[in-house]
Amino acid sequence: MDTQSLALSSEYADLPGNLRSLALRGVARNYRRGTVLIEEGSQGDAIYLVLSGSLRVYGCDARGREVTYGIYGVGEYVGEMSLDGGPRSASVITEQASRCVMLTRASLLEHITAHPEFAFELLTKVIRRARAATLSTKQLALNDVYGRLKALLDSATLTGDEVQLTHQAMAQRLGCSREMVSKLVKDLELGGYLTRVANGRYRKLKPLPARW
């Protein structure tokens, strides 16, 4: 193995073996926070494998309102839904400065030819994300805004008891306005369920009520 290959192998050392060999077929690049990697509706066949940082997958309507479909970090990949040749179903932006491996459809097919078992892993990933999207759509249709907010806060990533989501991030995930989220969060603060720790950070003081 030459010096360049050794360096790349070392950079990808923290990835699982199947993704490490896939990463070696692509090109690693650094991206600043706020860089749009994929635009909804565009054509393209590249997928992005995250080495550091995180990516947000989202959709946007004609009025510019956004809804977040998911946040993906190290070892995750995005863009696989375009492998059927259709237009991109969502946009992808860097949530923070990130380093990703860009892989083309051709390089992915080469990897599947060499490692046929990866096709099943890719299919499983697509099914899981489709299932999550179905559940999210069901929640949006059947829950009121508070019900969706409660589900989000109950499932949010926690550090101790602190919820790390800004009002804007919550609004994007819930498909509602930032003002609506701010009002509900303020009501929960007044009710003694949440307390503000810092900008964008809240501590849950007790379980949220089933209804509000």
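Q: A salt bridge is a side-chain nitrogen of Lys or Arg within 4 Å of a carboxyl oxygen of Asp or Glu. What makes Arg25 and Glu110 a salt bridge?
A: This is a predicted model, and in it the N to O distance between the side chains of Arg25 and Glu110 is 3.9 Å. That value is within 4 Å, so the pair counts as a salt bridge.

Q: Why can we say that the pair of Arg25 and Glu110 ties together parts that are apart in sequence?
A: Arg25 sits in the loop between helix 2 (17-23) and strand 1 (27-31), while Glu110 belongs to helix 3 (residues 105-114), so the parts they tie together are 85 residues apart in sequence.

Q: Are Arg25 and Glu110 buried, partly exposed or exposed?
A: Partly exposed lies between buried, under 20% relative accessible area, and exposed, over 50%. Arg25 has 33%, so it is partly exposed. Glu110, with 47%, is partly exposed.

Q: How many salt bridges does this rule give?
A: The count comes to 4, including the pair of Glu95 and Arg56 and the pair of Lys125 and Glu76.

Q: What makes Glu95 and Arg56 a salt bridge?
A: Their closest N and O atoms are 3.3 Å apart, and since the cut-off is 4 Å, the pair qualifies. Glu95 lies in the loop between strand 7 and strand 8 (98-103) and Arg56 in strand 4, so this pair ties together parts 39 residues apart in sequence.

Q: Why is Arg56 called buried, and which class does Glu95 get?
A: Arg56 has a relative accessibility of 8%, which is under 20%, so it counts as buried. Glu95 is at 32%, between 20% and 50%, so it counts as partly exposed.

Q: What makes Lys125 and Glu76 a salt bridge, and where do they lie?
A: The side chains meet at 3.1 Å, N to O, which is within the 4 Å cut-off. Lys125 is in helix 4 and Glu76 in the loop between strand 5 and strand 6 (77-78), so the pair links distant parts of the chain, 49 residues apart. Glu76 is partly exposed, with a relative accessible area of 26%.

Q: Why are strand 2 and strand 5 said to stand at the edges?
A: The open sheet has 4 strands in the order 2-7-4-5, with antiparallel pairing. Strand 2 (36-38) and strand 5 (66-72) each have a single partner strand, so one side of each has no neighbour in the sheet. From one strand to the next, the twist averages 30°.

Q: What makes strand 2 and strand 7 a pair?
A: Pairing needs at least two bridges, and strand 2 and strand 7 (residues 91-94) have 2, in the antiparallel sense. Val36 stands opposite Ile93 in strand 7.

Q: What joins strand 4 to strand 5?
A: The two run antiparallel and are joined by 6 bridges; Leu55 has Tyr72 in strand 5 as its bridge partner. Strand 4 and strand 5 form a hairpin with 5 residues between them, and Gly64 in the turn has a positive phi of about 85°.

Key:
Residues numbered from 1 in each chain as written. Predicted model: local features only at pLDDT ≥ 70, side-chain atom pairs only at ≥ 80, totals over all residues. Heavy atoms only, no water. Axes fitted to C-alpha atoms, helices over the stretch in contact; angles between N-to-C directions. Buried < 20%, exposed > 50% of the residue type's maximum accessible area, 1.4 Å probe, protein only.
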